Amino acid sequence: MGEIEILQDKIKNLMSDFSEIQNDEINFDSEGEYKLYDIISPHLLSYIFDKILGFKVYYRIFEKINYIINFRYKDAFGFVTHRKLSYILNIDKKYKEEIINIFLKVKELLEKLFFEFSKCALKNDNYMLSNEIEIYQSRLAYFKSQVNKKTVIAEKMKSGEIESKRIIKTKNGTTYHFLIYGVLQEITYNAEAFIDIAYSYIEHIITLLAAFCKYDKPFEKVLHMGWLSKYDLVFGEGQEEIRIKESLQNFKQIYRNRLTHGMFSNEQKLFITIEGLGNYPFYIGKQLNGFQEDKFIGIETFKEFDKLLSEFENLCEKKFKLVKMLIDSGISVHLDIDKYKKALQSKKEMESFIDYISYMQDNQLNMDW
């Protein structure tokens, strides 16, 4: 007996006091209703009753009701109902804690069961890649807007339109607090955050695109590749492709990696003892070396990277126009790309496919059946 069968049997044994009943047997005078949202998700519970215990679970039997599962537990009737506005267990109060504890133990076993399923899925490339492009794009848009806003303020300070320094009078004399220094810092922080997220965004996109390329199975090998290896797999060795890759690599080394790894591994910012000078800050790492200064990232540098990111996105559009449409829709990507065979024939077919999947997803989420 395999591990999957063993776990399924353990769940059945834990729930051996549950038995299926017919609708006409139900006594609806149960004493207590208990919310289940914090115990186990409604879809997992219906899966247990339906696919493991073999109950006949009727879905969407009434408007705004996902399912009702009727059962006998020992000497009591009970049911679980998942509605648009509620998800409850109805059972005699003397069995409430007992049943909830069973559900919690079953949830732990189900997690182990799904882990076994996932190992088989990884081996056979039978799974979907989560598409988080909307999350990345919204974060990039936020930090870009922050850079632009702070840049406007900095320009107004430089022109004298608004105050750029504050005079502070103390007992020891007059000092100046330069407000523009703080604004330039904020531009740098937001620009660094934008660049940091941008590389995660880039790797996310090329991983999704890789599913539509020729790769050594299983796809799990691709998941563990570095972003440069994924880039080569997806885009190949064309002149424009190499130029964009090298530019991205150079930017990453300076403006993303400068603060990563605690500065002591790849960057190796150390204070080197120089006789006659003292301990002097110096980069001796693989990616940064020599006299590097931790300067502000100015708006010109930010614009240069933003332009480079646009060039990367244009390259994706150029080489994977229809696939990029699918990714931009936010729909998760299945590794069985034969599912997209018809959609990849034309822009019209892809638009129809995206509309259909979006409709099906909205239908699931709305629960207005």
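## Helices, strands and overall form

The protein chain of this predicted model holds eleven helices and 13 strands, where helices (H or I, at least four residues) and strands (E, at least two) are DSSP runs numbered from the N terminus. Its radius of gyration is 29 Å, well over the 21 Å that the globule rule gives for 369 residues, so the chain is more spread out than a compact globule; the radius is taken over C-alpha atoms, and the rule is 2.2 Å times the number of residues to the power 0.38. Along the principal axes, the C-alpha trace spans about 90 × 65 × 45 Å.

## Burial and contacts

Of the 369 residues in the protein chain, 38% count as buried, meaning under 20% relative accessible area with a 1.4 Å probe and protein chains only. Among contacts with a separation of 6 or more, 63% join residues 24 or more positions apart, a contact being heavy atoms within 4.5 Å.

## Helix α10

Helix α10 covers residues 321-328, and because six of its eight residues are buried, this helix is largely enclosed by the rest of the structure. The buried residues are Leu-322, Val-323, Lys-324, Met-325, Leu-326 and Ile-327. Just after α10, Gly-330 takes a positive phi of about 90 degrees.

Residues are numbered from 1 along each chain as its sequence is written, and side-chain values use heavy atoms, with hydrogens and water left out. Local features need pLDDT of at least 70 and side-chain atom pairs count only at pLDDT 80 or more, while totals for chains, interfaces and linings use all residues.

Definitions and conventions:
Buried < 20%, exposed > 50% of the residue type's maximum accessible area, 1.4 Å probe, protein only.
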